[in-house]
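Me: I would like to go through some of the labels used for this structure. Please set each value against its cut-off.

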Amino acid sequence: MEFSNSKLLCCHMNTIVCKIFILLLSIFLLRTLFLSPLPGFHWFQQKRLFWIPDYNSSVLQHEIRRDKFLEVPQIIWGLNNQKIAFARACLTARLLNRTLLMPSLSASLIYKEIDLLKPISFDKVFNFERFNSLCNGFVRLGRYSDLDNETEPFELRKGSGRKWTKERDLNQLYQCKEGAIDKFEVIKVDGKHPFLWHDHWPIMNYARIFECLTLVDEIEADVSAVIARIKAVGAEGRSKGSDFGKNPIMPVSSQNYVTYMAIHMRIEKDWMLHCKNLEQRSNMHQICSSKKEIMERVANITSQTFPIVVYLAVADSLLEDNSILSGWREGLLPFEKKRLGVWNIYSKHPYLVQSAIDYEVCLRAEVFVGNSFSTFSSLIVLHRTQILLKMGVRSICADSNFSSYAYNILGDFGAPKKWMTDMSASSLQTISYGTNNVSCHV
């Protein structure tokens with residue numbers, strides 16, 4: 001009887017030990033699951049947690065086939081719409097494990113008369129070899145001279161209309177990975193251009209491709225010349241106040257320490273009509289901003305040392321409007337292309353290249369102020385967010401010498417709202433609606 005009781009006691013104790021072991025194991029597994037990052041990502045905390053890509057991870061790297069290609073229609077519209085369309089074409093090629101044949105861009109800006117668009121080769125604007133080097137293992141560009149032309153291309157007709165859903169579009173792409181279609185050397189996409197394709201990729205994949213886009217040497221030299229002129233004017237502004245000479249010349253060593261602010265100023269008539277209509281349709285009231293509102297909010301940015309040069313990236317239609325240069329607070333020294341004396345640099349280029357120069361000038365400014373509903377402004381802030389992450393800046397609230405603001409949204413103390421891209425977004429579409437930003441509440 002005593003033996004039986006002892007045996008039962010041992011069994012009971014073993015059961016308790018097993019339960020404790022199972023409980024501890026469960027806690028360990030749950031802690032590992034929720035607190036450890038997945039392969040290829042690390043945490044980014046910014047008032048909440050975001051996934052941020054680790055581009056060196058093998059998760060995002062694989063060998064792109066060099067004997068299978070994707071061909072897409074000419075890429076059209078404005079600079080940043082073209083960059084989005086190009087990235088979407090690259091990501092489509094990546095899904096199919098194909099090299100993207102270098103597409104034609106559009107040098108001119110014509111929305112309705114497609115036949116009047118002036119094509120320009122990708123490698124006349126962006127560095128082809130450097131793109132493939134920077135994006136190696138992620139996406140790849142090829143030239144038409146790489147083709148064997150042993151078979152006719154398979155023509156892939158993109159669907160359109162409401163019935164052509166995102167799911168149907170993705171299913172079509174997966175069908176192209178099957179043997180019957182995959183055996184073709186070239187898949188040629190027919191129909192609407194890539195900007196209008198369904199978006200199947202997270203914002204971090206687009207950011208990866210945008211980082212690989214670097215300008216060719218000739219255009220990069222023009223960007224450097226414009227920035228050097230801005231800094232020369234800024235150096236004289238600091239030494240003489242706001243009384244500028246016509247041709248300020250400062251030593252390069254002095255110019256390197258001069259900061260400037262860039263404002264993407266959307267106040268032209270066609271934009272104001274567009275944004276007013278957008279406000280009515282969306283029932284939102286923080287899309288349009290008048291010149292007066294922009295100037296008042298920018299005047300309340302207190303993170304910079306004054307005086308400071310303010311480069312105004314404005315449409316050509318506003319270059320003859322001298323009123324955009326007046327009314328700014330003391331210490332803000334506004335300049336646009338003509339007053340800055342760099343119109344000769346811009347005017348020798350087509351529209352697309354002019355926009356590319358302005359993009360880089362805004363991107364490299366210590367302070368950038370734009371409109372969160374503008375694709376141009378939004379892609380600049382996306383790019384600047386990537387730069388901040390590499391600098392180790394993980395919070396929009398942190399002090400930084402590389403800040404971005406959205407002037408159409410009121411922030412603290414009457415200043416524009418601080419702006420940083422939410423890199424956890426599952427789609428680039430949020431940029432188009434001005435909703436992809438992270439708030440800083442002081």
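Me: Which residue just after α9 takes a positive phi?

Reply: Asn 283 does, with a phi of about 60°. This is a predicted model, in which local features need pLDDT of at least 70, side-chain atom pairs count only at pLDDT 80 or more, and totals for chains, interfaces and linings use all residues. Residues are numbered from 1 along each chain as its sequence is written, and side-chain values use heavy atoms, with hydrogens and water left out.

Me: Why are α2 and α6 called roughly perpendicular?

Reply: Helix α2 (residues 79–95) and helix α6 (residues 203–212) pack at an angle of about 110°. Angles of 65 to 115 degrees count as roughly perpendicular, so the pair gets that label.

Me: What makes the contact of α2 with α6?

Reply: Contact means heavy atoms within 4.5 Å. Among the residues that make it are Phe 86 and Leu 91 of α2, and Asn 205 and Tyr 206 of α6. The residues of this contact divide into eight nonpolar, one polar and two charged.

Me: Why does Asn 205 count as buried?

Reply: Buried means under 20% relative accessible area, and exposed over 50% (1.4 Å probe, protein chains only). Asn 205 has 9% relative accessibility, so it counts as buried.

Me: Why are the buried residues of α9 placed on the same side?

Reply: Trp 271, Cys 275, Leu 278 and Glu 279 are buried in α9. Their arc around the axis, taken from the directions to the C-beta atoms, is only 100°, which puts them on the same side of α9. On the other side, exposed residues include Lys 269 and Arg 281.

Technical notes. Axes fitted to C-alpha atoms, helices over the stretch in contact; angles between N-to-C directions. Helix = DSSP H or I, 4+ residues; strand = E, 2+ residues; numbered from the N terminus. Parallel < 35°, antiparallel > 145°, perpendicular 65-115°, else oblique. Nonpolar A, V, L, I, M, F, W, Y, C, P; charged D, E, K, R; others polar.
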